[in-house]
Amino acid sequence: MTSGDDRELLRHHGDVDAEPGLLDFAVNVRLDRPPEWLRARLAAALDRLGRYPSAAEDRAAREAVAARHRRSADEVLLLGGAAEGFSLLSSLRPRLAALVHPSFTEPELALRDAGVDVARVVLDAADGYRLRPEAVPEDADLVVLGNPTNPTSVLHPAEVVRALARPGRVVAVDEAFADTVPGEPESLASCREPGLLVLRSLTKMWGLPGLRTGYALGEPELLARLVRNRPHWPLGTLAFEAVLACCEPSALAESEQAAREFDEHRQDLVRRLAAVDVEIALPASAPFLLLRVDNGEKVRAALRERGVAVRRGDTFPGLGPDHVRVAVRSPEHNALLVAALEEIVGTDRGSAA
Ligand SMILES: Cc1ncc(COP(=O)(O)O)c(C=O)c1O
């Protein structure tokens, strides 16, 4: 259960660790701004800002998402980022929400702020942060988890996530990083399962944290319950344009190529880290790694002195001060991080944990 006075820590995100001027291994957004072709699409859409966003634009964007995930447009709800999806969950009026941790903390905060009772299901490092459906309280009528999970980088098998389904229960899967996994093998975005809600984001892949764009996929009745208290015109014209653009075949091909690069670059980082006295949570599938290092706070401070920002891990329920999350970057940048770490903590066998 929750302690009540941990709000500030749960609100901590990597953008706070990534102070200007530091080499950023704290934030997991792929690009520091959207690609040129996407900027051009957004710039062209500026001319439409003189009109309210229309139902036709909403429909067109939902149809594009539906085609991408082999669903119908009425199974798509466009969101102001996956984060908006978390805040809409309380509209389902759950009696007990089970939050699988360690994980992104905004869902828990949104539910607690709405007065929902929350139970934490804390996965075990010794068990490889494996999801055990039986650990989720049977009476939870809402379960929230991330796949792949921030910050552990664990990709849960789709069938294990599906095993959480129960009559009368909503299972909300935060797939904000799903498009960073080549082929998205464990994604449930195309899965029509009663009570299953998949949340997706354009933020990470397309360098769009400032636009606030994502979407939810689920049964039309479930989506209708989510939007009960939503204002009119929740999304702007530019968000619709971004969704349309990022669902086009060329964008999907670029996204898949970027996912393959993430995979290669993560392997590069794991290889380099093997020489350093840190433990890496493996296997990892997302564009970041969770590390455990002795004297974590001192190590983070020493990295900052050397111009490197990493994400503190202790604000994630289930982790402590010796945990840090590092983004996967290009081999050149990975080498800088590893060299700094090597100087600070020394070399070792580098054990996998
Ligand atoms: C796991 C996870 N889910 C969701 C979000 C929020 O995504 P969005 O920008 O689409 O609201 C983040 C942002 O850091 C995240 O790490």
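Val-100 touches Val-121, Leu-123, Leu-131, Val-144 and Leu-145, leaving aside residues up to four places away in sequence; touching, or contact, means that two C-beta atoms, placed from the backbone, lie within 7 Å. This is a predicted model, in which local features need pLDDT of at least 70, side-chain atom pairs count only at pLDDT 80 or more, and totals for chains, interfaces and linings use all residues. Residues are numbered from 1 along each chain as its sequence is written.

**Around Val-100**
- Val-100 belongs to strand β3, which covers residues 96-101; helices (H or I, at least four residues) and strands (E, at least two) are DSSP runs, numbered from the N terminus.
- Val-100 counts as buried because 29 other C-beta atoms lie within 10 Å. The cut-offs are 20 or more other C-beta atoms within 10 Å for buried, 12 or fewer for exposed, and partly exposed in between, with C-beta atoms placed from the backbone.
- Ala-135 is 35 residues from Val-100 in sequence, and their C-alpha atoms are 9.6 Å apart in space.

**Helix α6**
- In helix α6 (residues 106-113), the buried residues are Pro-107, Glu-108, Ala-110 and Leu-111.
- Looking down the axis of α6, these buried residues fall within an arc of 165 degrees, so they line one face of the helix; the arc is that of the directions from the helix axis to the C-beta atoms.
- An α-helix has 3.6 residues a turn, so residues three or four places apart point the same way.
- The packing partners of the buried α6 residues are α1 (7-10), α5 (82-88), β3, β4 (117-122), β5 (142-146) and β6 (170-174).
- After α6 comes Gly-115, with a positive phi near 85 degrees.

- The protein is divided into domain 1 (7-32 + 252-345) and domain 2 (36-251), with bounds that come from an automatic or database domain assignment.
- The C-alpha centres of the two domains lie 24 Å apart.
- Their contact takes 33 residues from domain 1 and 29 residues from domain 2.
- On the side of domain 1 that touches domain 2, α1, α11 (249-273) and β10 (288-292) each supply at least two residues.
- α11 gives the most to that side of domain 1, with 10 residues.

**From the UniProt record**
- An unreviewed UniProt entry annotates residues 23-340 as "domain: Aminotransferase class I/classII large"; positions follow the numbering used here, feature names are shortened, and annotations may be inferred rather than shown by experiment.
- The end C-alpha atoms of residues 23-340 lie 11 Å apart, and the span is 35% helix and 18% strand.
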